Amino acid sequence: MKVETWEHVTRLRKWLDTNAAPTLAEDAWLLRMLKISEELGEVAEALHGTLGVNPREGASHDWGDLA
């Protein structure tokens with residue numbers, strides 16, 4: 001990965017450390033991983049909808065939704 005990418009990740013982590021709701025330090029990593037998983041699920045749903053591969057919903061999203 002580019003150095004700039006890791007610099008951006010570091011800035012985001014510092015922002016989260018400063019602005020996230022108070023929690024136990026050992027839980028912060030777990031809660032952040034759960035949030036990333038949740039967002040990934042939304043991307044997967046949009047991709048399925050864009051490709052129209054969900055037999056119950058068909059084409060429920062477009063490429064703009066996915067972006």
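Contact here means heavy atoms within 4.5 Å.

Good morning. What you see above is a predicted model.

Start with the whole chain. How many helices and strands does the chain have? There are 3 helices and 0 strands. Reading along the sequence, you get α-α-α.

Next, the overall dimensions. The C-alpha trace spans about 40 × 30 × 20 Å along its principal axes. A compact globule of 67 residues would have a radius of gyration near 11 Å. This chain has 16 Å.

How much of the chain is buried? Buried residues make up 7% of the 67 residues. The chain exposes about 5,800 Å². Carbon and sulfur atoms supply 63% of that area.

A quick word on charge. The chain has 7 positive and 12 negative charges.

Now look at helix 2. It runs over residues 25-51, which makes 27 residues.

An α-helix has 3.6 residues a turn, so residues three or four places apart point the same way.

Which residues of helix 2 are buried? They are Ala 28, Ala 46, Gly 49 and Thr 50. Part of what covers them is helix 3, residues 63-66. Just after helix 2 comes Gly 52, with a positive phi of about 70 degrees.

Gly 49 sits in helix 2. Is Gly 49 buried or exposed? Its relative accessibility is 1%, so Gly 49 counts as buried. The cut-off for buried is under 20%. Now the contact rule comes in. Leaving out residues up to four places away in sequence, Gly 49 touches Gly 58, Ala 59, Ser 60 and His 61. Gly 49 and Asp 65 are 16 residues apart in sequence, and their C-alpha atoms are 9.2 Å apart in space.

Trp 29 also has its place in helix 2. Is Trp 29 buried or exposed? At 63% relative accessibility, Trp 29 counts as exposed, because exposed means over 50%. Thr 10 is 19 residues away from Trp 29 along the chain. The C-alpha atoms of Trp 29 and Thr 10 are separated by 14 Å.

To recap: Gly 49 is buried, whereas Trp 29 is exposed. Thank you.

Technical notes. Residues are numbered from 1 along each chain as its sequence is written. This is a predicted model: local features need pLDDT of at least 70, side-chain atom pairs count only at pLDDT 80 or more; totals for chains, interfaces and linings use all residues. Side-chain values use heavy atoms; hydrogens and water are left out. Helices (H or I, at least four residues) and strands (E, at least two) are DSSP runs, numbered from the N terminus. The expected span of a helix is 1.5 Å times one less than its number of residues. Buried means under 20% relative accessible area, exposed over 50%, partly exposed in between (1.4 Å probe, protein chains only). The radius of gyration is taken over C-alpha atoms; the globule rule is 2.2 Å times the number of residues to the power 0.38. Accessible areas come from the Shrake-Rupley method with a 1.4 Å probe; for residues, only the protein chains shown count as cover. Lys and Arg count as positive and Asp and Glu as negative; His and the chain ends are not counted. The place of a charge is taken as NZ of Lys, CZ of Arg, CG of Asp or CD of Glu.
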